[in-house]
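Please go through the structure below sheet by sheet. The paragraphs that follow keep to that order and end with the backbone details.

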Amino acid sequence: MQAALRLARRHLGRVWPNPSVGCILVKDGVVLGRGVTAPGGRPHGEPQALAQAGEAARGATVYVSLEPCNHHGKTPPCSEALIAAGVARIVVACEDPDPRVSGGGIRRLREAGIQVDVGLCAMDAMAVNAGFFSRILKGRPGVTLKLATSLDGRVATATGHSQWITGPDSRARGHLLRAHHDAILIGIGTALADDPELTCRLPGLAGANPVRVVLDSHLRLPLTAKLVRGAATIAPTWVVTLTGADSAKAAALDAAAVRVLRVDADKDGRLPVQGALTALAGQGITRLLVEGGPTVATAFLKAGVVDQVEWFRAPLLIGGDGLPAVGHLDVDLLAQALRLSPAGDVLNSHQILR
Ligand code: AOF
Ligand code: ZN
């Protein structure tokens, strides 16, 4: 199952709106087939593993990192393919929360006389597809906040000088994070100040570009921005704006292949983080990397929607007049502070405790 999960991890960021599912077929101690949800979300993992095994699948044991689907979606149900192949036993890491599946796949397989065991490495499997679980169960993508700061938590000097605080290794890891997310989000402030490309430029992963999302309440993103000019060719660019934003500008962005998503303002007339996330989940985004400046980071932390923090700290001190990575969180008592715990196998990963 751990091998199936490793397969699944490889395609994170490339299979939305679907989960990344790894599948391994074994008989007599020999691996007969391996499959993982293909980029774009289809075909699913199981039929690919079955195809590799061919006739030898009969009597095999299947390890699959998510409950096999049982619905006629854009592909036939994996449950039927497994039954037709005559496998003897299926080990499932965890149930699929999608209401079209949700236990139905396991039931169908058992009805067909196959032994189905559920729960092996369940926590790991839920962590791998945490973004998909979040989209289905909470109606928002899983959110990773990336911060790159000095040791004293600053992202720029008082004069605004910020390039570069972290070194090439951290920046390479930042690009890997991009490849493993479905979409990357910044605020309009960062878009105007940096005119970034937000692509993955790692050797071997060039082109594994997430959707680029700009939070832009009043559609200030210039048509000349790199994010707009590359929208049709380099990677999709989406802008989340307010319902009432200028429709002529929206049409111009649309003509430049930028997708404009409209969200109702909150009571203060601002673009609500929750609304933006609901809109992104509605488009199928399961894993969102937030890379904006302090305004966006603070808004997401305050909204309580950050699941994971990737904090790159460079060994330099900028001092108290530098720009802090995180703005006011309205914490008066330490009991109100956000608490994090180490997550994963790298030092900079933290999970927000709730
Ligand atoms: C599997 N194996 O590899 C994946 C599954 O739109 P469709 O037809 O592709 O169905 C998408 C749903 O299938 C998705 O929401 C999730 O419930 C399940 N994903 N299932 O058996 C896979 N990726
Ligand atoms: Zn399936």
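An open sheet of 9 strands has the order β11-β10-β9-β8-β12-β6-β13-β16-β15, with mixed pairing. Its edges are β11 (259–263) and β15 (339–342); each has a single partner strand, so one side of each lacks a neighbour in the sheet. From one strand to the next the twist averages 30 degrees. Strands pair here if DSSP finds at least two bridges between them. Strands (E, at least two residues) and helices (H or I, at least four) are DSSP runs, numbered from the N terminus. Axes are lines fitted to C-alpha atoms, for helices over the stretch in contact, and angles between N-to-C directions run from 0 to 180 degrees.

This is a predicted model, in which local features need pLDDT of at least 70 and side-chain atom pairs count only at pLDDT 80 or more, while totals for chains, interfaces and linings use all residues. Residues are numbered from 1 along each chain as its sequence is written, and chains are lettered from A and ligands numbered from 1 in the order in which they are written.

One of the pairings is that of Gly142 with Arg287 in β12. Helix α7 (residues 168–179) lies across β6, β8 (183–187), β12 and β13 (308–314), and runs at about 170 degrees to β6. Contact between two residues means that their C-beta atoms, placed from the backbone, lie within 7 Å.

Strands β8 and β9 also pair in the parallel sense, over 5 bridges, and Leu185 has Val213 in β9 as its bridge partner. How many residues of β9 (residues 211–215) are buried? The count is 5 of 5, where buried means that 20 or more other C-beta atoms lie within 10 Å of the residue's own, exposed means 12 or fewer, and partly exposed is in between, with C-beta atoms placed from the backbone. In a regular strand the side chains alternate between the two faces of the sheet. In β9, Val211, Val213 and Leu215 are on one side and Arg212 and Val214 on the other, and both faces are covered.

The other sheet to follow is also open, with 5 strands in the order β2-β1-β3-β4-β5 and mixed pairing. Here β2 (30–36) and β5 (115–118) stand at the edges with a single partner strand each, so one side of each has no neighbour in the sheet. Neighbouring strands are turned by 15 degrees against each other on average, direction ignored. Strand β1 (residues 22–27) runs antiparallel to β2 and is joined to β2 by 6 bridges; Cys23 stands opposite Gly35 in β2. Helix α2 (residues 45–53) lies across β1, β2 and β3 (61–64), at about 145 degrees to β2.

Val92 belongs to strand β4 (residues 89–92) of this sheet. Is Val92 buried or exposed? It counts as buried, because it has 24 C-beta neighbours inside 10 Å. Beyond its neighbours within four places in sequence, Val92 is in contact with Val64, Glu67, Ile106, Val116 and Val118. By contrast, the C-alpha atoms of Val92 and Glu80, 12 residues apart along the chain, are separated by 16 Å.

Ligand 1 has 19 residues around it, of which Val21, His44, Cys69, Gly73 and Asp98 come nearest; a residue is near a molecule if its C-beta atom, placed from the backbone, lies within 6 Å of it.

The backbone has some local features to check. The peptide bond from Trp16 to Pro17 is cis, with omega near 10 degrees, and Pro17 is in the loop between α1 (2–10) and β1. Another cis peptide bond joins Gln163 and Trp164, with omega about -5 degrees; Trp164 is in the loop between β7 (154–156) and α7. Cys121, in the loop between β5 and α5 (122–128), has a positive phi near 60 degrees without being a glycine. Ala257, also not a glycine, has a positive phi of about 75 degrees and lies in the loop between α10 (247–255) and β11. Ala257 is partly exposed because 14 C-beta neighbours lie inside 10 Å.
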